[in-house]
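Q: Could you show me how to read strand pairing and salt bridges in a protein model?

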Amino acid sequence: MKKSLLILTSAAVLAVACGGAQSPQDKLTVNDKKINEIIAQMTLEEKVNMLHSKTNMSSAGVERLGIADMNYADGPFGIREEGVPNGFQSAGWTLDSATYFPTGSALAATWSEELAYKYGTGMGKEARLRGKDVILGPAVNIQRLPVGGRTYEYLSEDPILSAALALEYTKGVQDEGTAVCIKHFAVNNQETNRGSVNAILSERTLREIYLKPFERAIIEGGAMSVMPAYNKVNGDYCSENEHLLNEILRGEWGFKGFTVSDWGGTHSTMGAMLHGLNVQMTGSNYLGQPVIDSIKAGKLTEEMVDEKVRQILRVRFAIEPVPADVANTVMTSQPESQQIAKEVAEKSIVLLKNEDSVLPLKKGIKSIAVVGQNAVLKTQSGGMGAGVKALYEITPLQGIEARAAKEGIEVNYAPGYKNFPGRRWGPAPAIPNPLEAAAINEPADPFLVAEACEAAANADVVIFFGGTNKSIETEGSDRQNIDLPCGQNELVKALKAVNPNLVTVLISGGPTDLRELEPVSPAIVQGWWNGTEGGTALAEVLFGDIAPSGKLPFTFPAKLEDSPAYAMGNFPDKNAGGDLFSLMYRPDVMKMSREERQKLIDSMPKPEARYTEEFYVGYRWFDTKNVKPMYAFGHGLSYVDFEYDDLKAVAGKDAVKVSFKLENEGQMAADEVVQLYVTRVDSKVEWPTKELKAFQRVSLQPGETKVVTLEIPMKDLRYWNEATNAWDLEHGKLQLLLGSASDDIRETAEVTI
C-alpha cells in the first residue's frame, strides 16, 4: 500500500491521456487529491522536514506514510559518483562509474535537437540505475562572458539555440522517469562573486535573452524542478526573488513542481518561504526549526508549508522511487549511453580553419607527431564542481593511435608544454611533477620545446593539442583572460618552423585567443571536452572517416576586449571576493558556529554586474557594432561544399515558413547545419543587426539534394514591450538571412508581418 502512494496510478495516467488540453506542467497536478489526503495526515514537523536537506544529496520523505526521500544526482553531463552522506568526497563504490557525456558547449556545437533528446535519455537511464530521482541539470544559462568558469557546462550565447536544446534534453531525461532540475535560474553568467553579485538588467533583456531556455523547458518540456541561482537579480537573491519565482515561474509559466536552492544558496527563512523556495540545500538553519517558530509567532502559516509540500509531492508522485535493493546493482555506464556520447562527440567537432585542405589527413602518410599534454589529459573531472567518474575515457592520443594502427602509421608523442594544475583540492604531491607549471603564464620550457620539435621534424604531419584544462575553466572562478596558457603560442610557432604540415586541435570548453596561433596553423579544430568516446570521435574526423559538422555555439572574439561586457566596462569587477560554495566547504569555516559562518558570508563583497550591453550578447554585439571576430557564431567548415538555392518564404498568421534546396556537392556523406537569421527593416523598435530564429541539422549523401523547410513561430519574433510590460509583435518588413554561419549568409528573402 505504501508503494502505491508513490507510483503514478493507472487512473492518473488515463486522466492525463484524456485531458488533451493539459500542459506538461498540469500533468503534475493529477495526483493532487491524493496528495492533499496525505498532507492532512502529516504533522507540521514532518512537513517542515521535507523543506531542507537530509543528506548532502537528498531531502526527506515521510517513511511512516510510504513517501520516499528525494535523491539528487549531480551533474549535467554525467551521473556523479556516490559521495559520503554529508560531503562530496567519494564513497568508494565500485558500480557508480558513469558515462561521461560531452560537456554543454560540445552538445550545443552539434546544433542537434535530436541528439539533445538522446543525451537526455542516456542521462535519465543512468540516473535510474543509481536510484536517483532528480538530475541537477541541464545547465542552460547564456554564455555572456568568454572567460566564464562554467561556459563549458552551459550551452550557447544564443537563447533560441539554448532553448531548443534545453527543451529536448529535459524531455529526454523525463521520458526515462527521472526529473530534471533546470539551472541556474536566472542570470547566472559569471562565477566571480557569484554568491553575492547583483545582476542588474532591463526587463526586456531578461525576457528576450536570459529566460528563454528556462521558459521553453518549463512550459513545453514540463521541467519538474528548478534551481535558483546563487546571485541576485535586480536586488533580490534568486532563491527569494518574488519576480522570478512567483510572478514569472509559477504565475506566467504555470510551473507546478518544486524549487531547490543551490548548495548554500538559501539566505533567509521569511524570504525563502514567502518568495518561492521549496527546499534548502544543504542544512536546515532557514527552512527547518525557524519555519516552525515563525508559524508559532504568527509570521507564517501552516497552509504555506502545505503548499510547498504539495509541490514537492507532485514530483515525488510523478517519479517512481527506485527500491534500495534494485538501485546500484549494475554498472552505471551502459553501452547504449556510451554510443550516444560517441555520436554527440562526432557531431560536435568544429573545423575552424582548413587552409589548402590539410584535413583530412592525406593517404600514405607514414608518421604523425602528436604534441601537447591536452592529447593525454583526461577531462572527466578536475577543478571544482561538475565531474564524472567515467567507466573509461578515450583520450585524443589513444584515439589517434588506434586509428593510425589500422594503416600502419607510426605515432610519436611529446608533451610539448607544462600543464597548469590550477587550485589544488588536496595536499601537493611529495615529489613535484616536472610536467606541471607553477603559473598559468609560465613561459615555454626550452627542453620540452626542443623535444617536441625533434619529433615534429621527423614526422610527416604534426598534430598540436592546445587549449585549456578543467582546472583553468572551472566552477567557482572565471578566467583572467582567454590566452593560451603555459607558452603554447611559443611552442606552436617552433613546430611550424620545423614542419609546416601542422594541424592544431583545441581542447577547451570555451573560446581561446588565437591571434598568434591562427597565422601559423593551416588547420584548426575545436575538439571540446568531448566525453568518454571523445578521442575516438576526433580521430574519425581527422582521418576523414566522417566529415566535421559542428558549429560554434558562441563567438570566438579576436581579442577579449572586443566582447560586449568587456567593451562596455561591465566586467571584470574590481571588487572580487571569495566564492560562496567553496567557502562553505573550507575546513576552518565548517568548524564555525552558524552565527560566525553567516557573519563571514555577510562580509563578502556585494558587487553589481550591470548588463548595459542589454540584448547585444555575443554575435548580436559583433554584428551590430561591426567588430570582426576571430570566428563567428555558427561557424564550422566541412570536407564538402553545400549549395543553397531556391529560397522561398511566406508569412502566415502563426509563423514565417521558408523552404529551400540544399545540395551536398562533395564526395562523402556530410551534415550541414542550416541557420536562419532575421533583420528588421525600417523598424521603430531597437533590434540587433541580426538574430538567429531557426536552424536544422541536415544529413546528405554525396551529390544528394534535399528540400529543407524551416519555421519561425510568430511568438519568437516578439519583443518585450517595457511600456506595456507585455510581449508585443512589431509589424512590418522582415529580411530573412539563410546561411551556414552568422557571417556566411547564402540566400535572402523578405516578408511582411
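The dialogue below takes up a sheet and then some salt bridges.

A: This is a predicted model, in which local features need pLDDT of at least 70 and side-chain atom pairs count only at pLDDT 80 or more, while totals for chains, interfaces and linings use all residues. Residues are numbered from 1 along each chain as its sequence is written, and side-chain values use heavy atoms, with hydrogens and water left out.

Q: In what order do the strands of the open sheet lie?
A: Strands of a sheet pair through backbone hydrogen bonds, either parallel or antiparallel. Here strands are DSSP runs of E with at least two residues, helices are runs of H or I with at least four, and both are numbered from the N terminus; two strands pair if DSSP finds at least two bridges between them. The open sheet has 7 strands in the order β1-β2-β3-β4-β5-β7-β10, with mixed pairing. Its edge strands, β1 (53–55) and β10 (258–259), each pair on one side only.

Q: Which residue of β2 stands opposite S53?
A: S53 faces S59 in β2, and 2 bridges join the antiparallel strands β1 and β2.

Q: Which residue forms a salt bridge with K347?
A: Side chains of opposite charge can pair when their charged atoms come close. A salt bridge is a side-chain nitrogen of Lys or Arg within 4 Å of a carboxyl oxygen of Asp or Glu. K347 pairs with D671, their closest N and O atoms being 3.7 Å apart. This pair links helix α13 to strand β20 (residues 670–681), 324 residues apart. D671 is buried (under 20% relative accessible area; exposed is over 50%, partly exposed in between, with a 1.4 Å probe and protein chains only), at 12%.
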